[in-house]
Amino acid sequence: MKTTIIGYPRIGCNRELKRATESYFQNRISPENLNEEARALRKTHWEKQIRKGIDFPVSNDFSFYDTLLDTALLFGLIPERFATLPQDPLIRTFAMARGYEKNGYQASALAMKKWFTTNYHYMVPEVDESSRIGLSGHKPLTEFREALSAGLLTRPMLTGPYTLLRLTRFSGETSAEACAQGLIPAYGQLLSALGNAGAQWVQLDEPCLCLDMDADEKALFHSLYQSLGERNPGVKILLQTAFGDITRVYDSLSSLPVQAIGMDFVEGPDNLLKLESDGFPEDKILVAGIVNGRNVWRNNYKKSLDLLSRMSKHLPEERIWLAPSCSLLHLPYSLAPETALSHEIKEILAFAEEKMDELGELAILFSEKNPEKHSLLIRNQQRFGEAEKIPGRIIPDVRKKTSSLRGQSFRRMPDADTRKSCQQNRLRLPLFPTTSIGSFPQTQEIRAMRRRHRKGEVDQSTYETFLRNRTEECVRLQDDMGLDVLVHGEFERNDMVEFFGEQLEGFVFTENAWVQSYGTRCVKPPILVGDVRRPGPMTVDIWRFAENCTKKPVKGMLTGPVTILNWSFVREDVESTECLLQLALAIREEVLDLEAAGCGVIQIDEAALREKLPLKKKDWKAYLDHAVNAFRLCHDGVRPDTQIHTHMCYSEFGDILAAIDAMDADVITIEASRSALSLVDQLKESPYARDIGPGVYDIHSPLIPGEKEILSRLEILLSTFRPEQLWVNPDCGLKTRSQKEAEQSLRAMVNAAKTLRETYRA
Ligand SMILES: Nc1nc2c(c(=O)[nH]1)N[C@@H](CNc1ccc(C(=O)N[C@@H](CCC(=O)N[C@@H](CCC(=O)N[C@@H](CCC(=O)O)C(=O)O)C(=O)O)C(=O)O)cc1)CN2
Ligand code: MET
Ligand SMILES: [Zn+2]
């Protein structure tokens with residue numbers, strides 16, 4: 001059996017690309033320097049795949065920002081506001097990703113959305129009537145040639161036409177069908193160019209095949225591939241899917257003019273059932289995704305060999321290539337730099353590099369007559385034996401509590417309307433109250449201080465004094481700007497999930513296991529290995545300190561159980577519903593401690609609640625029931641006059657409105673600035689009654705909004721929301737912004753709210 005991967009991380013094992021790109025943004029290095037760094041990284045990544053024995057390495061998985069954005073640029077899916085940008089590919093890429101402002105020319109960034117159920121974000125391509133669809137770049141070709149000149153034959157990958165069209169926003173008279181007319185010839189042209197350059201295979205990523213598909217969508221998919229097949233000059237196509245099963249189109253696979261199909265057998269167990277009941281097309285190769293490409297645990301070889309032997313009853317092993325279930329983009333690079341993990345834990349983990357080892361070992365084992373006797377299999381089983389010894393895997397006290405809660409639904413009393421008046425009596429907030437989402441800029445100074453503290457170069461009390469000083473400045477600044485509900489700024493947190501993981505029992509941490517979240521931004525997800533317990537208060541001290549710096553209310557700031565779970569690497573030895581209950585209990589204890597300390601407004605962020613919404617609608621209810629119930633458990637014990645906020649990063653919630661409402665928070669703040677109109681649209685049919693703060697400016701962009709711009713967004717929002725329910729806040733936390741950007745933007749926002757209040761008073 002041959003092995004392949006379908007994408008590799010690109011940020012660099014020491015985040016070299018992040019550092020180089022950020023230096024380029026600050027004009028500290030030239031575009032040539034940035035390109036050099038990128039070339040060096042690509043070379044390192046190809047060489048690593050070869051060294052790990054991968055038979056078919058991949059190219060064009062590199063990107064300066066996002067591969068979907070690269071594909072959009074490649075084929076001219078560019079909206080009018082970027083049409084007159086300089087032709088330079090770096091400038092165009094970053095302009096579309098981050099917004100552009102120069103010489104009186106301004107263009108806001110493309111929207112950013114979550115990539116399927118991962119914590120990776122893609123840029124949403126936009127097509128309008130000005131877009132000229134056609135091949136207008138050569139990135140896949142350049143990178144293919146670059147590898148070839150280093151002596152490596154790679155398989156270029158890019159987003160396929162169906163997924164590209166499905167994820168694009170069309171405006172005016174444009175449509176996916178019309179766009180396809182220009183797009184397919186452009187793909188054809190690219191494939192010929194790649195074939196002429198010596199490529200044998202091209203990988204077209206079609207993860208959208210794992211979504212629900214109606215008859216029109218299926219027809220579009222088939223017609224795209226039929227016409228691509230007619231234009232294909234002979235290069236072989238691997239149609240690659242990920243993140244679930246493709247049972248929606250399985251029946252028609254054999255008629256597709258492609259030579260290989262990649263399927264996920266980890267998140268899509270139904271793929272195997274289909275293969276067993278319907279067989280697999282005789283003329284195609286199966287790229288079998290059997291090693292989990294997005295969780296950090298070792299593969300269980302015994303189970304994988306069983307799976308492979310079931311598959312090989314339906315097609316010969318020469319036609320099976322072993323692969324991860326998705327791109328390795330969602331995993332850290334390597335276990336090698338991790339020195340602090342215990343032996344048992346290290347034994348049971350595998351990051352991108354170790355996953356490639358696993359593919360090779362599985363190929364060896366499968367070719368053995370008696371794999372049971374093979375040292376590789378014995379070693380693999382020993383790892384799982386060792387893992388049983390991990391301390392804290394089962395804490396009987398915790399299990400006792402969760403088992404008494406199973407099957408219950410939690411509910412806060414009294415009803416929301418009654419609570420609203422209790423809270424108004426206590427807080428006395430003006431119309432259009434202003435607030436922020438929590439974090440303030442994590443400046444170089446703060447990060448450097450945290451690093452010195454981590455390394456033991458700065459003692460605990462110096463570090464704490466430093467944090468308090470920053471917190472005090474931050475609270476005073478908000479007071480001075482006239483915000484109504486303040487925050488402490490989250491300076492003590494490296495990340496909203498990693499921080500809570502560090503406070504709770506049950507998680508372990510890595511030193512260097514970074515995973516790209518978007519652009520140059522990375523996360524280091526904690527790894528859940530045991531039962532969760534809260535040893536003591538986590539946020540009460542810093543909240544109390546901040547509260548004492550002002551007369552205004554300061555929000556207690558927590559991350560909710562669903563988000564902690566969704567942004568961690570989760571255990572596979574325990575049901576996620578159990579972990580969710582354990583986390584909810586821990587957060588609940590913290591909520592009650594904050595309340596007892598006098599905190600009147602508590603925000604429980606559920607930024608990741610929507611992100612793990614299953615891709616197929618039939619699975620939504622089960623997920624949402626558990627998620628919502630866990631959130632309700634966090635706050636079902638608070639007093640009526642304690643105001644519970646929640647925050648979500650994406651406003652696309654028209655379709656899960658009932659679930660959002662059922663969370664029973666008093667106030668929700670959400671992202672909306674890049675899509676104020678779409679939120680208003682979604683809520684036209686079914687109005688939303690609770691207090692809501694749709695973000696009035698984009699915190700992901702370095703552009704500073706003006707008061708007028710904010711006012712016009714607020715006006716749009718007031719066409720759907722009652723003045724008494726509208727809060728005024730940014731889209732999300734300010735941690736990635738500079739001090740100046742944060743301050744000027746918030747001032748514009750507060751002024752806009754004040755102006756609006758005048759209008760309503762008159
Ligand atoms: N987990 C998670 N997922 C999320 C979000 C989020 O906030 N958290 N937000 C949404 C958007 N995604 C985001 C993801 C990351 C970042 C982000 O800012 N990440 C930081 C890293 C944050 C962090 O963990 N920082 C640590 C470590 C920082 C670091 O790199 N330290 C240097 C030293 C720095 C110095 O000396 O100057 C080092 O260790 O080498 C800290 O502050 O302590 C980055 O990439 O720059 C922002 C948004 C969706 N998903
Ligand atoms: C990604 S959601 C962020 C919420 C968090 N309270 C912050 O402001 O950073
Ligand atoms: Zn957010």
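**Close-up views of the predicted model**

**Figure 1. F432, a buried loop residue.** With 22 C-beta neighbours inside 10 Å, F432 counts as buried, the threshold being 20 or more. F432 belongs to the loop that links α15 and α16. Its phi lies near 50°, a positive value in a residue other than glycine. The structure shown here and in the following views is a predicted model. The mean pLDDT of the chain is 96, with 100% of its residues at 70 or more. For the complex, the predictor gives an ipTM of 0.97 and a pTM of 0.97.

**Figure 2. E490 and the loop between α17 and α18****.** E490 is located between α17 (460–481) and α18 (498–503). A phi near 60° makes E490 a residue other than glycine with a positive value. E490 has 23 C-beta neighbours inside 10 Å and therefore counts as buried.

**Figure 3. The cis peptide bond from M413 to P414****.** Omega of this bond is near -10°. P414 lies in the loop between α14 (396–405) and α15 (416–427).

**Figure 4. The shell around ligand 1.** Ligand 1 is surrounded by 22 residues, of which R447, A448, N494, S517 and R521 are the closest. Two or more residues of this shell come from each of α16 (444–454), β16 (515–518) and β17 (521–523). The greatest contribution is that of α16, with 5 residues. By class, the shell around ligand 1 comprises 8 nonpolar, 6 polar and 8 charged residues.

**Figure 5. An open sheet of 8 strands with parallel pairing****.** The strand order is β1-β14-β13-β12-β11-β10-β8-β2. At the edges stand β1 (2–3) and β2 (58–59), each with a single partner strand, so one side of each has no neighbour in the sheet. Within the sheet, β10 (residues 201–205) and β11 (residues 236–240) run parallel and are joined by 5 bridges. D205 is placed opposite Q240 in β11.

Figure 6. Of the 8 residues of α3 (residues 67–74), 8 are buried, so the helix is largely enclosed by the rest of the structure. These buried residues are T67, L68, L69, D70, T71, A72, L73 and L74. Their cover includes α4 (89–98), β6 (121–123), α5 (139–149), β8 (155–159) and α6 (161–167). Just after α3, G76 adopts a positive phi of about 75°.

**Figure 7. Strand β18 and its pairing with β15****.** In β18 (residues 527–533), 6 of the 7 residues are buried, so the strand is largely enclosed by the rest of the structure. β15 (residues 505–508) pairs with β18 in the antiparallel sense over 3 bridges. V508 stands opposite I527 in β18.

**Figure 8. Span and cover of helix α22.** At 1.5 Å a residue, the 16 residues of α22 (residues 620–635) should span 22 Å, which agrees with the 23 Å between its end C-alpha atoms. The buried residues of α22 are L624, A627, V628, N629, A630, F631, L633, C634 and H635. Among the elements covering these residues are α20 (561–566), α21 (576–596), β20 (601–605), β21 (643–648) and α23 (657–662).

How values were computed. Residues numbered from 1 in each chain as written. Chains lettered and ligands numbered in written order. Predicted model: local features only at pLDDT ≥ 70, side-chain atom pairs only at ≥ 80, totals over all residues. Near = placed C-beta within 6 Å. Helix = DSSP H or I, 4+ residues; strand = E, 2+ residues; numbered from the N terminus. Nonpolar A, V, L, I, M, F, W, Y, C, P; charged D, E, K, R; others polar. Pairing = 2+ DSSP bridges. Buried ≥ 20, exposed ≤ 12 C-beta atoms within 10 Å, placed from the backbone. Contact = placed C-beta atoms within 7 Å. Expected span 1.5 Å × (residues − 1). pLDDT = per-residue confidence, 0-100.
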